[in-house]
Amino acid sequence: MSKSNESMSVAAKLLAEDPKLREDVRGTTLFDQFVNGPNKLKTVNIDDELFYVVEGDTLLDEDQLAIYAAQREKADEAFMLSKRAGHAGLGTARLSAPQTSLIALTSNGRIVRWAPNTILTYRVVQSTFTASERYEKAIDGMKQATQAWEETCGVKFQHSEDLDTANGVGTAGAVFAVREITPLPGDRAPIASAFFPNDPPSRRKVLLFPDFFAADLGFDPIGVVRHELGHVLGFRHEHIRSGAPAACLGEPNFDTSNLTDYDPQSVMHYFCGGQGTRELRISGLDSIGAQQVYGPPLNAVEFVS
(Lines give C-alpha, C1' and ligand atoms only; values in the text may rest on other atoms or scores of the structure.)
Protein backbone atom coordinates (compact mmCIF):
# COMPACT_ATOMS: atom_id res chain seq x y z
CA MET A 1 0.00 0.00 0.00
CA SER A 2 1.46 3.36 -0.98
CA LYS A 3 1.79 6.10 1.62
CA SER A 4 -0.26 9.28 1.47
CA ASN A 5 1.60 12.57 1.16
CA GLU A 6 0.67 13.38 4.76
CA SER A 7 2.38 10.27 6.09
CA MET A 8 5.49 10.52 3.91
CA SER A 9 8.70 11.83 5.39
CA VAL A 10 10.70 14.49 3.56
CA ALA A 11 13.18 11.76 2.63
CA ALA A 12 10.45 9.54 1.17
CA LYS A 13 9.15 12.41 -0.97
CA LEU A 14 12.64 13.18 -2.27
CA LEU A 15 13.26 9.55 -3.21
CA ALA A 16 9.82 9.17 -4.80
CA GLU A 17 10.48 12.20 -7.00
CA ASP A 18 13.98 11.09 -8.03
CA PRO A 19 14.46 7.34 -8.71
CA LYS A 20 18.16 7.94 -9.49
CA LEU A 21 18.64 9.51 -6.07
CA ARG A 22 16.94 6.51 -4.49
CA GLU A 23 19.40 4.20 -6.25
CA ASP A 24 22.41 6.32 -5.29
CA VAL A 25 21.68 6.73 -1.58
CA ARG A 26 20.70 3.11 -1.05
CA GLY A 27 23.96 2.12 -2.71
CA THR A 28 26.24 3.90 -0.25
CA THR A 29 28.69 1.86 1.77
CA LEU A 30 27.49 3.39 5.02
CA PHE A 31 23.85 2.54 4.32
CA ASP A 32 24.84 -1.10 3.75
CA GLN A 33 26.82 -1.09 7.00
CA PHE A 34 23.89 0.36 8.90
CA VAL A 35 21.51 -2.30 7.55
CA ASN A 36 23.68 -5.39 7.06
CA GLY A 37 27.08 -4.80 8.68
CA PRO A 38 28.48 -6.62 11.72
CA ASN A 39 27.64 -3.57 13.85
CA LYS A 40 24.33 -2.86 12.16
CA LEU A 41 21.94 -0.43 13.77
CA LYS A 42 19.41 -1.40 16.39
CA THR A 43 15.90 -1.76 15.01
CA VAL A 44 12.45 -1.48 16.56
CA ASN A 45 8.97 -2.13 15.19
CA ILE A 46 6.28 0.54 15.63
CA ASP A 47 2.80 -0.33 14.33
CA ASP A 48 4.21 -2.93 11.91
CA GLU A 49 6.80 -0.53 10.48
CA LEU A 50 10.53 -1.10 10.95
CA PHE A 51 12.66 1.77 12.23
CA TYR A 52 16.42 2.09 12.69
CA VAL A 53 17.74 3.65 15.90
CA VAL A 54 20.37 6.34 15.28
CA GLU A 55 21.92 8.81 17.69
CA GLY A 56 20.59 6.89 20.67
CA ASP A 57 16.94 7.92 20.51
CA THR A 58 16.11 8.91 16.92
CA LEU A 59 14.04 6.52 14.80
CA LEU A 60 14.43 6.56 11.02
CA ASP A 61 12.54 4.57 8.43
CA GLU A 62 14.51 3.07 5.56
CA ASP A 63 14.07 6.09 3.28
CA GLN A 64 15.25 8.46 5.99
CA LEU A 65 18.17 6.18 6.83
CA ALA A 66 19.29 6.16 3.17
CA ILE A 67 19.40 9.98 3.05
CA TYR A 68 21.01 10.11 6.50
CA ALA A 69 23.73 7.65 5.46
CA ALA A 70 24.47 9.56 2.24
CA GLN A 71 24.70 12.89 4.08
CA ARG A 72 26.89 11.43 6.79
CA GLU A 73 29.18 9.76 4.26
CA LYS A 74 29.72 13.10 2.50
CA ALA A 75 30.40 14.83 5.82
CA ASP A 76 32.94 12.13 6.74
CA GLU A 77 34.65 12.52 3.36
CA ALA A 78 34.86 16.30 3.83
CA PHE A 79 36.36 15.82 7.28
CA MET A 80 39.00 13.40 5.98
CA LEU A 81 39.90 15.77 3.13
CA SER A 82 40.35 18.59 5.63
CA LYS A 83 42.60 16.39 7.78
CA ARG A 84 44.74 15.44 4.80
CA ALA A 85 45.01 19.06 3.72
CA GLY A 86 46.19 19.98 7.22
CA HIS A 87 48.83 17.25 7.24
CA ALA A 88 50.04 18.48 3.85
CA GLY A 89 50.50 22.01 5.17
CA LEU A 90 47.57 23.34 3.13
CA GLY A 91 45.50 24.47 6.09
CA THR A 92 42.25 22.97 7.30
CA ALA A 93 39.17 23.20 5.12
CA ARG A 94 36.03 24.63 6.73
CA LEU A 95 33.28 22.05 6.82
CA SER A 96 29.91 23.07 5.47
CA ALA A 97 28.17 21.62 8.52
CA PRO A 98 28.58 24.02 11.47
CA GLN A 99 29.90 22.85 14.84
CA THR A 100 27.14 24.25 17.04
CA SER A 101 25.08 24.19 20.25
CA LEU A 102 22.39 24.57 21.73
CA ILE A 103 21.76 23.04 18.36
CA ALA A 104 18.70 23.86 16.29
CA LEU A 105 17.49 21.69 13.43
CA THR A 106 17.58 23.46 10.07
CA SER A 107 16.08 22.86 6.63
CA ASN A 108 17.43 24.66 3.57
CA GLY A 109 19.49 26.81 5.92
CA ARG A 110 16.50 27.98 7.97
CA ILE A 111 15.77 27.04 11.57
CA VAL A 112 12.90 24.58 11.92
CA ARG A 113 10.35 25.55 14.60
CA TRP A 114 6.63 25.44 15.26
CA ALA A 115 4.62 28.34 13.85
CA PRO A 116 3.89 31.24 16.23
CA ASN A 117 0.79 30.76 18.40
CA THR A 118 0.82 26.99 17.89
CA ILE A 119 -0.53 25.20 20.96
CA LEU A 120 1.23 21.86 21.16
CA THR A 121 -1.70 19.68 22.18
CA TYR A 122 -1.04 16.06 23.04
CA ARG A 123 -2.87 12.94 24.12
CA VAL A 124 -1.52 10.19 26.38
CA VAL A 125 -2.89 7.07 24.72
CA GLN A 126 -4.31 5.17 27.68
CA SER A 127 -4.89 1.88 25.83
CA THR A 128 -1.17 1.46 25.08
CA PHE A 129 -0.04 1.37 28.71
CA THR A 130 0.40 -2.05 30.28
CA ALA A 131 -0.45 -0.80 33.77
CA SER A 132 -2.40 2.15 35.17
CA GLU A 133 0.67 3.27 37.13
CA ARG A 134 2.60 3.62 33.87
CA TYR A 135 -0.17 5.72 32.35
CA GLU A 136 -0.15 7.99 35.40
CA LYS A 137 3.65 8.20 35.30
CA ALA A 138 3.49 9.31 31.67
CA ILE A 139 0.88 11.96 32.48
CA ASP A 140 2.95 13.28 35.40
CA GLY A 141 6.17 13.21 33.37
CA MET A 142 4.59 15.18 30.55
CA LYS A 143 3.04 17.68 32.97
CA GLN A 144 6.35 18.46 34.65
CA ALA A 145 8.46 18.40 31.48
CA THR A 146 6.10 20.61 29.46
CA GLN A 147 5.95 23.07 32.35
CA ALA A 148 9.75 23.24 32.37
CA TRP A 149 9.86 24.17 28.68
CA GLU A 150 7.00 26.67 29.05
CA GLU A 151 9.00 28.38 31.82
CA THR A 152 12.05 28.42 29.50
CA CYS A 153 10.77 29.88 26.23
CA GLY A 154 7.66 30.99 24.34
CA VAL A 155 5.94 27.66 23.80
CA LYS A 156 2.59 26.31 25.00
CA PHE A 157 1.72 22.64 25.56
CA GLN A 158 -1.74 21.35 26.42
CA HIS A 159 -2.84 17.89 27.52
CA SER A 160 -6.06 17.04 25.65
CA GLU A 161 -7.24 14.63 28.35
CA ASP A 162 -10.53 13.91 26.59
CA LEU A 163 -8.56 12.32 23.75
CA ASP A 164 -6.65 9.87 25.98
CA THR A 165 -9.39 7.25 25.56
CA ALA A 166 -10.10 7.95 21.88
CA ASN A 167 -9.95 5.00 19.48
CA GLY A 168 -6.67 4.08 17.82
CA VAL A 169 -3.11 4.92 18.73
CA GLY A 170 -2.60 8.00 16.56
CA THR A 171 -2.89 11.67 17.41
CA ALA A 172 -6.74 11.64 17.28
CA GLY A 173 -6.83 15.36 16.62
CA ALA A 174 -4.02 16.43 18.94
CA VAL A 175 -0.68 17.66 17.57
CA PHE A 176 1.10 14.59 18.93
CA ALA A 177 0.55 11.43 20.95
CA VAL A 178 2.41 9.96 23.94
CA ARG A 179 2.47 6.15 24.02
CA GLU A 180 4.00 3.15 25.67
CA ILE A 181 5.61 0.78 23.18
CA THR A 182 6.09 -2.93 23.84
CA PRO A 183 8.97 -4.07 21.59
CA LEU A 184 8.77 -7.26 19.58
CA PRO A 185 11.22 -10.09 20.31
CA GLY A 186 14.58 -9.13 18.83
CA ASP A 187 13.93 -5.39 18.95
CA ARG A 188 16.62 -3.29 20.62
CA ALA A 189 14.68 -0.29 21.81
CA PRO A 190 15.92 2.99 23.30
CA ILE A 191 14.59 4.40 26.58
CA ALA A 192 12.35 6.86 24.76
CA SER A 193 12.06 8.54 21.39
CA ALA A 194 10.34 11.57 19.90
CA PHE A 195 10.13 13.49 16.62
CA PHE A 196 11.10 16.81 15.04
CA PRO A 197 8.67 19.56 14.01
CA ASN A 198 9.08 18.83 10.30
CA ASP A 199 8.30 15.11 10.61
CA PRO A 200 5.00 14.09 8.97
CA PRO A 201 1.91 14.16 11.24
CA SER A 202 1.74 10.36 11.36
CA ARG A 203 5.18 10.30 13.01
CA ARG A 204 4.38 12.83 15.74
CA LYS A 205 4.67 10.52 18.72
CA VAL A 206 6.62 10.55 21.96
CA LEU A 207 7.36 6.88 22.56
CA LEU A 208 8.12 5.41 25.98
CA PHE A 209 9.80 1.99 25.94
CA PRO A 210 10.01 -0.54 28.84
CA ASP A 211 13.32 0.80 30.20
CA PHE A 212 11.66 4.16 30.85
CA PHE A 213 9.50 2.51 33.53
CA ALA A 214 12.34 0.53 35.13
CA ALA A 215 13.09 1.20 38.81
CA ASP A 216 16.83 1.20 38.01
CA LEU A 217 16.61 3.53 34.99
CA GLY A 218 19.63 5.53 36.14
CA PHE A 219 18.20 8.83 34.85
CA ASP A 220 15.52 11.17 36.10
CA PRO A 221 12.49 10.03 34.08
CA ILE A 222 11.18 13.61 34.03
CA GLY A 223 14.55 14.62 32.57
CA VAL A 224 14.20 11.96 29.88
CA VAL A 225 10.87 13.50 28.88
CA ARG A 226 12.40 17.02 28.99
CA HIS A 227 15.10 15.76 26.60
CA GLU A 228 12.60 14.21 24.19
CA LEU A 229 10.47 17.36 24.20
CA GLY A 230 13.62 19.25 23.25
CA HIS A 231 13.58 17.23 20.03
CA VAL A 232 9.86 17.99 19.62
CA LEU A 233 10.79 21.70 19.72
CA GLY A 234 13.48 21.18 17.08
CA PHE A 235 16.71 20.85 19.10
CA ARG A 236 19.42 18.35 18.22
CA HIS A 237 21.81 16.62 20.61
CA GLU A 238 24.30 18.90 22.33
CA HIS A 239 27.20 16.46 22.40
CA ILE A 240 27.67 16.22 18.62
CA ARG A 241 30.02 19.21 18.35
CA SER A 242 33.79 18.87 18.22
CA GLY A 243 34.22 20.42 21.70
CA ALA A 244 32.49 17.46 23.34
CA PRO A 245 34.51 14.53 24.71
CA ALA A 246 35.61 12.03 22.08
CA ALA A 247 33.51 9.34 23.77
CA CYS A 248 30.38 11.35 22.88
CA LEU A 249 31.06 11.87 19.20
CA GLY A 250 29.82 9.76 16.33
CA GLU A 251 26.78 11.75 15.22
CA PRO A 252 26.70 13.99 12.15
CA ASN A 253 25.93 17.68 12.63
CA PHE A 254 24.62 18.58 9.18
CA ASP A 255 21.39 20.61 9.04
CA THR A 256 22.15 22.43 12.30
CA SER A 257 22.46 26.06 13.38
CA ASN A 258 24.60 27.70 16.07
CA LEU A 259 22.62 29.05 19.04
CA THR A 260 25.00 29.04 22.04
CA ASP A 261 28.44 27.93 23.15
CA TYR A 262 29.01 24.25 23.93
CA ASP A 263 27.14 23.34 27.12
CA PRO A 264 28.01 20.03 28.82
CA GLN A 265 25.11 20.58 31.26
CA SER A 266 22.50 20.89 28.49
CA VAL A 267 19.28 18.91 28.69
CA MET A 268 20.15 17.74 25.16
CA HIS A 269 23.58 16.35 26.18
CA TYR A 270 23.96 12.62 26.69
CA PHE A 271 25.73 11.38 29.83
CA CYS A 272 29.01 10.48 28.16
CA GLY A 273 32.73 11.14 28.43
CA GLY A 274 32.36 12.50 31.95
CA GLN A 275 29.94 15.20 30.77
CA GLY A 276 26.19 15.60 30.85
CA THR A 277 23.93 14.91 33.81
CA ARG A 278 21.55 12.14 34.76
CA GLU A 279 18.97 14.76 35.76
CA LEU A 280 18.71 16.23 32.24
CA ARG A 281 17.63 19.64 33.46
CA ILE A 282 17.23 22.65 31.17
CA SER A 283 20.38 24.72 31.68
CA GLY A 284 20.93 28.46 31.55
CA LEU A 285 22.50 28.19 28.09
CA ASP A 286 19.58 26.03 26.98
CA SER A 287 17.27 28.88 27.98
CA ILE A 288 19.31 31.41 26.01
CA GLY A 289 19.31 29.23 22.90
CA ALA A 290 15.63 28.26 23.15
CA GLN A 291 14.61 31.90 23.51
CA GLN A 292 16.52 32.75 20.34
CA VAL A 293 14.16 30.40 18.52
CA TYR A 294 10.87 30.81 20.42
CA GLY A 295 11.23 34.06 22.38
CA PRO A 296 10.76 34.52 26.13
CA PRO A 297 8.24 32.50 28.16
CA LEU A 298 4.68 33.55 27.34
CA ASN A 299 3.95 34.37 30.98
CA ALA A 300 6.80 36.91 30.89
CA VAL A 301 5.21 38.88 28.03
CA GLU A 302 2.33 41.37 28.19
CA PHE A 303 0.34 40.98 24.98
CA VAL A 304 -1.56 43.99 23.65
CA SER A 305 -4.24 43.63 20.96
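Rings of Phe, Tyr and Trp pair if their centres lie within 6.5 Å.

**Entry: aromatic rings.** I worked on a predicted model. I searched the whole structure for ring pairs and got 9 aromatic pairs. I looked up Phe176 and Phe195 among them: their ring centres are 5.6 Å apart with the planes at 55°. I then checked where the two residues sit in the chain. Phe176 belongs to strand 8, Phe195 to the loop between strand 9 and strand 10, and 19 residues separate them. I looked up accessibility for both: Phe176 is buried at 0% relative accessibility, and Phe195 is buried at 1%.

I also took the pair of Phe235 and Tyr294. Their centres lie 6.4 Å apart and their planes meet at 85°, so I noted the pair as edge-to-face. Phe235 is in the loop between helix 6 (221-232) and strand 11 (256-257), whereas Tyr294 is in helix 7 (residues 284-294), 59 residues away. I found both Phe235 and Tyr294 buried.

Which residues form one aromatic cluster? I listed Tyr122, Phe157, Phe176 and Phe195.

**Entry: charges over rings.** I found Lys137 over the face of Phe212, at 5.3 Å from the ring centre. I found the charged end of Arg278 over the ring of Phe219, 5.1 Å from its centre.

Entry: I traced 5 strands in an open sheet with the order 7-6-8-10-9 and mixed pairing. Why is one side of strand 7 and of strand 9 left without a neighbour in the sheet? Strand 7 (156-159) and strand 9 (192-193) stand at the edges, and each has a single partner strand. I then looked at strand 6 (residues 119-124) and strand 8 (residues 176-180), which run parallel and are joined by 3 bridges. I noted Val178 in strand 8 as the bridge partner of Val124. I placed helix 5 (residues 132-150) across strand 6, strand 7, strand 8 and strand 10 (205-208), and I read its angle to strand 6 as about 165°.

**Entry: Ser193.** I located Ser193 in strand 9. Is Ser193 buried or exposed? I recorded a relative accessible area of 1%, so Ser193 is buried. I followed its side chain to the backbone oxygen of Asp57, at 2.7 Å. Leaving out residues up to four places away in sequence, I listed the residues that Ser193 touches: Asp57, Thr58, Leu59, Lys205, Val206, Leu207, Phe209 and Glu228.

**Entry: strands 1 and 2.** I went along strand 1 (residues 43-46) and saw the side chains alternate. I counted 4 bridges from strand 1 to strand 2 (residues 49-54), and the two run antiparallel. What stands opposite Thr43 in strand 2? I found Tyr52 there. The hairpin of strand 1 and strand 2 has 2 residues between the strands, and I noted a positive phi near 50° for Asp47.

Key:
Residues are numbered from 1 along each chain as its sequence is written. This is a predicted model: local features need pLDDT of at least 70, side-chain atom pairs count only at pLDDT 80 or more; totals for chains, interfaces and linings use all residues. Side-chain values use heavy atoms; hydrogens and water are left out. Two strands pair if DSSP finds at least two bridges between them. Contact means heavy atoms within 4.5 Å. Axes are lines fitted to C-alpha atoms, for helices over the stretch in contact, and angles run from 0 to 180 degrees between N-to-C directions. Rings of Phe, Tyr and Trp (its six-membered ring) pair if their centres lie within 6.5 Å; planes under 30 degrees apart count as stacked, over 60 as edge-to-face and the rest as tilted. Buried means under 20% relative accessible area, exposed over 50%, partly exposed in between (1.4 Å probe, protein chains only). A charge sits over a ring if NZ of Lys or CZ of Arg is within 6 Å of the ring centre and within 35 degrees of the ring normal. A polar contact is a pair of N or O atoms within 3.5 Å; within protein, one must be able to donate a hydrogen and the other to accept it, and residues adjacent in sequence count only if both atoms are side-chain atoms.
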